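Subject: Structure handover

Hello,

Please find the structure below, followed by notes on what was found in it.

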Amino acid sequence: MTIAIIGMGNMGAGIARLLASKGVKVAIGSRDPAKAAKLAEEIGAGAEGGGITAAAKLADVVILAVPYTAAAETIREANGFAGKVLVDISNPITPDYKALTVGHSTSAAEEIQKLAPQAKVVKAFNTIFAQLLPAESRKGRSVQVFVAGDDEAAKKVVSDIVTKGDFEPVESGPLSNARYLEPVGEINIHFGFFLGWGTSAAPAWIKA
Ligand SMILES: NC(=O)c1ccc[n+]([C@@H]2O[C@H](COP(=O)([O-])OP(=O)(O)OC[C@H]3O[C@@H](n4cnc5c(N)ncnc54)[C@H](OP(=O)(O)O)[C@@H]3O)[C@@H](O)[C@H]2O)c1
């Protein structure tokens with residue numbers, strides 16, 4: 001299975017490197033196709049890189065690794081990622097990272113689903129700092145990734161990808177639960193950036 005990753009910043013490049021290192025074929029899509037091709041070449045392992053639509057065409061699963069503010073434009077450019085499982089990893093945050101711009105009665109994930117009605121949107125990875133993506137940075141610890149979505153089959157596919165990356169998928173209910181996962185992402189940003197924990201901070205839900 002090929003997984004497309006749109007955006008080649010901290011999260012996009014990090015997820016591409018992680019999955020490629022686990023034997024997954026990745027297709028990186030960027031506003032700058034030449035830069036994506038270069039990153040794919042550097043990653044190796046059969047990775048491909050090019051434009052956003054071209055990368056998405058190669059895959060059934062697309063990981064949207066762009067800022068929430070760029071989601072609408074990216075989705076439009078890719079004709080809504082119609083028919084794809086679309087993984088939303090975003091935290092819709094203010095420029096100073098200190099607050100959410102969306103919440104309570106909706107979420108970034110639900111807004112993205114509205115923008116891409118023919119895609120199956122699944123929320124995942126929003127509570128994981130990019131610095132925790134390399135498997136070695138987790139030092140053998142089990143780190144949870146919360147997975148929410150309305151389509152059970154799509155959620156299973158994304159949970160399998162999470163497992164491939166050596167994370168622990170946590171079934172987190174319908175896509176509307178992204179309303180609660182995004183605040184968890186925001187408090188993790190506060191722990192990591194503003195309260196001194198650093199970017200190895202990650203939430204761990206326990207069943208006592
Ligand atoms: N960084 C983290 O630790 C972290 C953790 C959890 C979730 N997230 C979420 O993951 C997503 C990506 O975060 P990131 O840290 O990887 O961001 P980043 O390093 O700033 O990279 C974002 C990428 O998005 C692409 N992009 C497309 N349209 C854009 C636009 N209009 N403006 C800016 N960039 C645009 C760019 O890739 P191209 O060069 O391909 O255009 C850019 O490299 C965000 O939604 C964020 O909330 C981040």
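Gly50 lies in strand β3, which covers residues 48-51. Helices (H or I, at least four residues) and strands (E, at least two) are DSSP runs, numbered from the N terminus. Residues are numbered from 1 along each chain as its sequence is written. This is a predicted model, in which local features need pLDDT of at least 70 and side-chain atom pairs count only at pLDDT 80 or more, while totals for chains, interfaces and linings use all residues.

Gly50 counts as partly exposed because it has 19 C-beta neighbours inside 10 Å. The cut-offs are these: a residue is buried if 20 or more other C-beta atoms lie within 10 Å of its own, exposed if 12 or fewer, and partly exposed in between, with C-beta atoms placed from the backbone. Leaving out residues up to four places away in sequence, Gly50 touches Gly29, Pro33, Ala36, Ala37 and Ala55. Two residues are in contact if their C-beta atoms, placed from the backbone, lie within 7 Å. From Gly50 to Ile89 there are 39 residues in sequence and 21 Å in space, C-alpha to C-alpha.

The sheet is open and has 8 strands, in the order β3-β2-β1-β4-β5-β6-β7-β8, with mixed pairing. Strands β3 and β8 (168-171) stand at the edges with a single partner strand each, so one side of each is left without a neighbour in the sheet. On average, neighbouring strands of this sheet are turned by 30 degrees against each other, direction ignored. Two strands pair if DSSP finds at least two bridges between them. Strand β2 (residues 25-30) pairs with β3 in the parallel sense over 4 bridges. Gly50 is the bridge partner, in β3, of Gly29. Helix α2 (residues 33-43) packs on the sheet and touches β2 and β3; its direction makes about 175 degrees with that of β3. For such angles, axes are lines fitted to C-alpha atoms, for helices over the stretch in contact, and the values run from 0 to 180 degrees between N-to-C directions.

**Helix α1 and the ligand**

Helix α1 (residues 10-21) gives the shell around the ligand its largest share, 3 residues. In total, 22 residues surround the ligand, and the closest are Gly7, Gly9, Met11, Ser30 and Ser90. A residue is near a molecule or strand if its C-beta atom, placed from the backbone, lies within 6 Å of it. By class, this shell has 11 nonpolar, 9 polar and 2 charged residues. Ala, Val, Leu, Ile, Met, Phe, Trp, Tyr, Cys and Pro count as nonpolar, Asp, Glu, Lys and Arg as charged, and the others, Gly among them, as polar.

Of the 12 residues of α1, 9 are buried, and the helix is mostly covered. The buried residues include Met11, Ile15 and Leu18. Their cover includes β1 (2-6), β2, α2, β4 (61-64) and α6. Just after α1, Gly23 has a positive phi of about 85 degrees.

**Strand β6 and its surroundings**

Strands β5 (85-88) and β6 (120-123) lie under helix α5 (residues 108-115), in the sense that the helix lies across both, and it runs at about 165 degrees to β6. The two strands pair in the parallel sense over 4 bridges, and Val122 in β6 is the bridge partner of Val87. In a regular strand the side chains alternate between the two faces of the sheet. In β6, Lys120 and Val122 point one way and Val121 and Lys123 the other way, and all are buried.

Asp150 sits in the loop between β7 and α6 (152-164). Asp150 is partly exposed, since 16 other C-beta atoms lie within 10 Å. Apart from residues up to four places away in sequence, Asp150 touches Pro174 and Leu175.

**Two loop residues with positive phi**

Most residues other than glycine have a negative phi, and most peptide bonds are trans. Tyr97 is not a glycine, yet its phi is positive, about 70 degrees. Tyr97 is placed in the loop between β5 and α5 and counts as partly exposed, with 13 C-beta neighbours inside 10 Å. Phe125 also has a positive phi, near 70 degrees, in a residue other than glycine. Phe125 is in the loop between β6 and β7 and is buried, with 27 other C-beta atoms within 10 Å.

Regards
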